[in-house]
Amino acid sequence: MLRIDRIKEELGWLKVVLGILSVLDASLVAWLAQNFQSAQPVLLLTGLVVVALLTTGIVWVNRLAYLRLEQLEVL
């Protein structure tokens, strides 16, 4: 397999992971917004921590994708 094909395949997988993380993050933020007053404090705190982790994951995957795109420009 050529290196360019491998990078393109990796970009495809990164798109899938980025999409999943984005959907999870958005749905958890929506749940937190809807249940902010009625949910137990432990659930709210856990939800906020998970939102922070998911957002960090989104940023990380996005940076990986941009690095792979830069590698494609070099080839």
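## Terms and model

A residue is called buried when its relative accessible area is under 20%, exposed when that area is over 50%, and partly exposed in between (1.4 Å probe, protein chains only). By that rule Arg 68 is buried, with a relative accessible area of 17%.

This is a predicted model: local features need pLDDT of at least 70, side-chain atom pairs count only at pLDDT 80 or more, and totals for chains, interfaces and linings use all residues. Residues are numbered from 1 along each chain as its sequence is written, and side-chain values use heavy atoms, with hydrogens and water left out.

## Overall shape

The protein has two helices and zero strands. Both element types are DSSP runs, numbered from the N terminus: helices are H or I with at least four residues, strands are E with at least two. Helix H1 covers 3-34 and helix H2 covers 41-74.

The C-alpha atoms fill a box of roughly 55 × 15 × 15 Å along the principal axes. The radius of gyration is 17 Å, whereas a compact globule of 75 residues would have one near 11 Å. That radius is taken over C-alpha atoms, and the globule rule is 2.2 Å times the number of residues to the power 0.38.

Contact means heavy atoms within 4.5 Å. Take the contacts in the protein with a separation of 6 or more: 73% of them are between residues 24 or more positions apart.

## The nonpolar core

Of the 75 residues, 25% count as buried. A nonpolar core is a set of buried Ala, Val, Leu, Ile, Met, Phe, Trp, Tyr and Cys residues joined through side-chain atoms within 4.5 Å. The largest such core has 15 residues. Leu 11, Leu 14, Leu 21, Leu 28 and Leu 32 have the most contacts inside it. H1 and H2 each supply at least two residues of this core. The largest share, eight residues, comes from H2. In soluble globular proteins, nonpolar side chains tend to be buried together.

Leu 28 shows its surroundings well. Leaving aside neighbours within four places in sequence, Leu 28 is in contact with Gly 47, Val 50, Val 51 and Leu 54.

## The salt-bridge network

A salt bridge here is a side-chain nitrogen of Lys or Arg within 4 Å of a carboxyl oxygen of Asp or Glu. The count comes to two. Side chains of opposite charge can pair when their charged atoms come close.

Arg 6 is partly exposed at 42% relative accessible area. Glu 10 is also partly exposed, at 24%.

The other bridge joins Arg 68 to Glu 10, the closest N and O atoms being 2.8 Å apart. Shared partners join Arg 6, Glu 10 and Arg 68 into one network. Not counting residues up to four places away in sequence, Arg 68 touches Ile 7, Glu 10, Leu 11 and Leu 14.

## The surface

Accessible areas come from the Shrake-Rupley method with a 1.4 Å probe; for residues, only the protein chains shown count as cover. The accessible surface comes to about 5800 Å², and 69% of it belongs to carbon and sulfur atoms.

Trp 13, Val 16, Ile 20 and Leu 24 make a nonpolar surface patch of about 420 Å². Patches are made of residues with over 30% relative accessible area and no salt bridge; like charges are joined within 9 Å, and nonpolar side chains (Val, Leu, Ile, Met, Phe, Trp, Tyr) within 5 Å. Trp 13 lies in helix H1. Trp 13 is exposed, with a relative accessible area of 57%.

Val 59 lies in helix H2. Val 59 is partly exposed, at 41% relative accessible area. Val 59 and Leu 18 are 41 residues apart in sequence, and their C-alpha atoms are 9.0 Å apart in space.

Leu 48 also has its place in helix H2. Leu 48 counts as exposed, at 51% relative accessibility. Leu 48 and Gly 19 are 29 residues apart along the chain, with 20 Å between their C-alpha atoms.
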